[in-house]
Amino acid sequence: MKYLFFDIECSNCYDKEGKICEFGYTILNEQGEKEFPTYYERIKARLEDNNNIIIGFSAENDLQYLSYTCSRYGLDMIHFKCYDIQKINSIINGEKNKRSLKNIFIEMFGHNEYIKYKAHCAKYDAEMVSKIFIELCNRKKLSLKQFLEEYKSCMIDSIEYLNSIKNKSHRKANRNKWRKLCKEMIDSSEQTPIQKTMTISSCFYDDNNLFKELVLLVKKLKLVPVKKVEEAEIAVCVDEIDLNRLNIELGDKYAIKLMTFVEYKKTIYCENAVEI
């Protein structure tokens with residue numbers, strides 16, 4: 001078994017989308033100016049090799065850079081699991097704020113040792129990560145394998161993590177669209193005054209298709225959407241499970257009627273004399 005330590009450097013990060021210019025790695029106990037696609041298969045083979053235990057530093061950022069660059073060149077995202085030494089170090093030291101690679105390395109080995117390495121060079125950064133890892137193992141008096149077993153909660157699955165980021169992004173975008181829609185409809189002179197104010201469960205933000213259907217309904221029937229629960233007469237839920245969840249969450253705090261989306265559509269179409 002070998003231990004592969006990696007680091008990614010980006011040329012720029014406009015809109016938080018890092019463009020990879022360098023991928024560095026170092027391997028413990030191993031015997032023995034081109035664009036990213038040239039090295040893709042080699043990098044993929046290293047990261048997906050079951051004989052390699054992958055370890056990074058601030059790995060979540062590097063996964064996002066890697067994902068963006070693969071997408072940029074029309075390549076499949078590399079699926080692997082890796083440990084994050086930055087997270088592990090924070091847990092060991094009881095630190096809420098994550099420290100930089102430079103700060104941790106200097107604290108462990110001193111500034112004179114740090115200046116031997118070229119700053120922001122992925123290869124040297126990976127080597128520093130490997131030294132930090134060994135030092136942490138020594139301080140805990142654990143073997144490499146025992147150490148990683150103890151901190152297996154700091155292991156990240158590349159695809160699962162990126163999917164979670166994507167879902168958060170969709171959720172945030174839908175939430176912002178809803179807020180904008182609420183303002184537009186309230187400001188609209190075409191709004192039907194007899195309609196009851198309505199808001200929606202946050203679960204709508206997770207389902208793009210359902211959310212789009214809801215937005216079209218609001219616009220078509222000139223409904224009165226509001227952002228806050230306390231301003232609404234009706235709260236629309238995704239389904240019965242969501243309704244029960246929200247009912248427990250809200251309790252008796254608000255005088256509001258909860259309805260599933262299916263139930264709400266039937267009611268609102270009937271009130272507006274519109275065929276479903």
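This is a predicted model: local features need pLDDT of at least 70, side-chain atom pairs count only at pLDDT 80 or more; totals for chains, interfaces and linings use all residues.

Reader: Which residues make the contact of H4 with H6, and how do they divide by class?

Author: On the H4 side they are Leu101, Ile104, Phe105, Glu107, Met108 and Phe109. H6 contributes Asp125, Met128, Val129, Lys131, Ile132, Glu135, Leu136 and Arg139. The division is 9 nonpolar, no polar and 5 charged.

Reader: At what angle do H3 and H6 cross, and what is the handedness?

Author: The axes of H3, residues 85-93, and H6 cross at roughly 35° and come within 11 Å. H3 passes H6 in a left-handed crossing. Ile85, Asn89 and Ile92 of H3 make the contact with Val129, Ile132, Phe133 and Leu136 of H6. By class, this contact has 6 nonpolar, 1 polar and no charged residues.

Reader: Why is asparagine 89 called buried?

Author: Asparagine 89, in helix H3, has a relative accessible area of 2%. Buried requires a value under 20%, and asparagine 89 therefore qualifies. Not counting residues up to four places away in sequence, asparagine 89 touches Glu95, Arg99, Ile104, Met108 and Leu136.

Reader: How do you know that alanine 126 is buried?

Author: Alanine 126 lies in helix H6. Its relative accessibility is 0%, which is under the 20% limit, so alanine 126 counts as buried. Leaving aside neighbours within four places in sequence, alanine 126 is in contact with Phe5, Phe6, Asp7, Gly24, Tyr25 and Thr26. The C-alpha atoms of alanine 126 and glycine 56 are separated by 7.5 Å, although the two residues are 70 residues apart along the chain.

Reader: Why are H1 and H2 called oblique to each other?

Author: The axes of H1, residues 36-48, and H2, residues 59-72, come within 11 Å and cross at roughly 130°. The perpendicular range ends at 115 degrees and antiparallel begins over 145, so H1 and H2 are oblique to each other. H1 passes H2 in a left-handed crossing. In this contact Phe36, Tyr40 and Leu47 of H1 meet Leu66, Thr69 and Cys70 of H2. These residues divide into 5 nonpolar, 1 polar and no charged.

Reader: How many disulfides are counted, and why is cysteine 137 too far from the closest cysteine sulfur for a bond?

Author: The count comes to 0 disulfides. A disulfide is a covalent bond between the sulfur atoms of two cysteines. The closest cysteine sulfur to that of cysteine 137 is in cysteine 154, 13 Å away; the limit is 2.5 Å, so this pair is too far apart for a bond. Cysteine 154 is also in no disulfide, as the nearest cysteine sulfur, that of cysteine 82, is 11 Å away.

Reader: What makes cysteine 137 and cysteine 154 buried?

Author: Cysteine 137 has a relative accessible area of 2%, and cysteine 154 has one of 4%. Each value is under 20%, so both cysteines are buried.

Technical notes: Residues are numbered from 1 along each chain as its sequence is written. Side-chain values use heavy atoms; hydrogens and water are left out. Contact means heavy atoms within 4.5 Å. Helices (H or I, at least four residues) and strands (E, at least two) are DSSP runs, numbered from the N terminus. Ala, Val, Leu, Ile, Met, Phe, Trp, Tyr, Cys and Pro count as nonpolar, Asp, Glu, Lys and Arg as charged, and the others, Gly among them, as polar. Buried means under 20% relative accessible area, exposed over 50%, partly exposed in between (1.4 Å probe, protein chains only). Axes are lines fitted to C-alpha atoms, for helices over the stretch in contact, and angles run from 0 to 180 degrees between N-to-C directions. A crossing is left-handed if the near helix is turned anticlockwise from the far one by less than a right angle, and right-handed if clockwise. Angles under 35 degrees count as roughly parallel, over 145 as roughly antiparallel, 65 to 115 as roughly perpendicular and the rest as oblique.
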